[in-house]
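User: Could you walk me through how to read the contacts in a model like this?

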Amino acid sequence: MADIWLQFILTIDATCRLSAPLILCAMAGLFSERSGIIDISLEGKMLMAAFVAATIASLTGSAWMALISAVCVSVGLSLIHGFACITHKGNQVVSGLAINILASGLSVTLAIAIFAQGGLTPLLSKSERFLSIIFPFAHDIGSFFGLGTIYRELLSGHNFLVWLAFFSVFVTSFILFQTSFGLRLRAVGENPEAVDTAGISVSSTRYQAVIITGILCGLAGTYLSVAHGAGFVREMTAGKGYIALAALIFGNWRPLPVLLACCMFGFLDAVATRLQGVDIFGLGQIPTDLILVLPYLLTVIVLAGFIGTSRPPQALGVPYVKER
Amino acid sequence: MPVSPLPKWADICLLPLINLSAAFIVSGCIIALIGENPFVAMGVMFKGAFIYKGAFGYTLYYATNFIFTGLAVAVAFHAMLFNIGGEGQAMIGGLGIGLIILACESFFPPFFVILLAIIFAGCFGAIWGFIPGYLQAKRGSHIVITTIMFNFIAASLLVWLLAGPLIAPGQMSPETRSFAEGIKLAQIHDILAVMGIKIAPTPLNISFLFAIFACFCVWILIWHTKLGYIIRVIGHSSRAAIYAGHNATHIIVITMAISGGLAGLMSLNEILGVQGRVILNFTSGYGFTGIAVALMGRNHPLGIFCACLLFGALYQGGAELDFAFQTITRDMVLMIQGLIILFSGAFAYLFRPALEKLFWRVSIWVSKRRHNG
């Protein structure tokens, strides 16, 4: 019994670790899409941020420098996307795709040029990464009706970026729904003409949203290579940006449902590895691929309207042209 | 001050060339940044793509893949549908080829089996394009997102099938058993050898001729048939099409099915022309290159063909770059591809105002000279 409880807590623990980058990316996408800019390039920004974070951590030895530079690079890519979409009213999907492909190629090219290790960055030592924060008495606390296990495994031992990820959901919710900046941002995504008539610049609001997107994606990328992992590997993000996009759609563009969607997708990821080769109640072995494909399948089902109605921001994907 | 619009030739040829040059200039800067000489690199790429023995054959072999995926994206784009699912549709097309050949290769003569394979490649790809199209038309699900998701679903499906039910007996790597002897598309160098012309052996096979034929068919379809006309009307304004009495749902679904079918045919080149069995990841990003090619070629088969030659040269030249330089790998090609998509797609009209001004200034100068002299 205690063993099942431990396994369950450990799975939830793994879920937290695996959903942290998804949550940060999804919140990033939330800001962008709520202001009306489709952002397919979450993947590319996260990948580039992961590469830059690992590189700077390796070269300077400081995880915080890595964080700052990754955020800067991610904001830079965001601004390119914003420039293409907002100022030049280009095709937002194409711009996002271009940044993804560019990031894939550029990260490996630069990694080879700087480190000559076939696309990897050197393995980071403990001092160059963000380490787990162990709560006091975590190792000594006993089982104590199962609560001790929660304290020891689930609450203690995450690094601060995981806590930041969960905290960012509440910050996002507060900014979007309790501040006037958030109101303007949401209005720009629903009806930019009205906002323009009220005298507020649609482009600068969208640029601000896109910069916040860059910051959050930079944090997500840093987490992957400097906190969760110990260096950059080619294609490190492995589609997490697309899963974050799927979670965003699944959560109907609202922070708390998006958080739950990210946790569910993270849970599926955690469970997929654990259930490999395990017989379930006579159903036989569940193929890992089926579990891993569930996020995408569920998103399509949600998009098709079979689970509630999908309500995207009204002006999503439509470049705003100021009428004279 | 009023500025006259660009002449047609400038809009179709000059602007894409300028966008391309901008992409290459930025790539050159990055090459210089990593310590290599960009001009030497470009020279190596050019020689690797066209000059060395067998290079042009490889270039055309890569171009064949891009022609199919590019046509797929272009056909859908004429109806203002963004088909990003070329990867997934090609994978499922390849799966279709594998299934039909493995099922009936011993029962029919090779020619008939290959014919069946072509039909199944197209049909399976069409189904994988049909479903997102249906969801867009009937349920309003944004086709971009559904096609992205379907790419991942197709990849997972392929992995599961190749590592499980379809795996060749007695081996570990996830691929089917090889097709029987003789079930392979004829290689161009063999055909030319029979005619007396000797060229270096390359993977170029007759699917290249199918690709050219597909270009021609798409041109006829979009600009010379009623269906193509309706597709273009839907692309410009679906409301106008509905007002004229056409069924927008049907047309969207048919367009996506044709698009998926074209992408599915891409797998002919890889699976039937080169590999001889279904392997993992045989599409290796060609679906996304198709998007780049369609953007560069302005969704017209002739433009797509030229753009595919360029990208084929890029890929083959990239392989040569990888070989010649220690610091550069094929990922450099990915980077250049991303930059080309960025400049041709997102920044397509970045240089247009400057170009329009230039043309206007030149026309004023020309008319002044004509007036004075």
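Analyst: Gladly. Let's start with a salt bridge, meaning a side-chain nitrogen of Lys or Arg within 4 Å of a carboxyl oxygen of Asp or Glu. Here the side chains of Arg234(A) and Asp331(B) form one, at 3.2 Å from N to O. This is a predicted model, where local features need pLDDT of at least 70, side-chain atom pairs count only at pLDDT 80 or more, and totals for chains, interfaces and linings use all residues. Residues are numbered from 1 along each chain as its sequence is written, chains are lettered from A and ligands numbered from 1 in the order written, and side-chain values use heavy atoms, leaving out hydrogens and water.

User: How many salt bridges are there between chain A and chain B?

Analyst: The count is one salt bridge. The contact (heavy atoms within 4.5 Å) takes 41 residues from chain A and 39 residues from chain B.

User: What area is buried between chain A and chain B?

Analyst: Buried area is the accessible area (1.4 Å probe) that two parts lose on being put together, summed over both. Between chain A and chain B that is about 3,400 Å², with 82% from carbon and sulfur atoms.

User: And how are two packed helices described?

Analyst: By the angle between their axes and the distance between the axes. Axes are lines fitted to C-alpha atoms, for helices over the stretch in contact, with angles from 0 to 180 degrees between N-to-C directions; helices are DSSP runs (H or I, at least four residues), numbered from the N terminus. In chain B, α12 (residues 286–296) and α14 (residues 331–346) pack at about 35 degrees, their axes 9 Å apart.

User: Which residues of α12(B) and α14(B) meet?

Analyst: Among them are Phe288(B) and Leu295(B) from α12(B), and Ile340(B) and Ile341(B) from α14(B).

Methods:
Helices (H or I, at least four residues) and strands (E, at least two) are DSSP runs, numbered from the N terminus.
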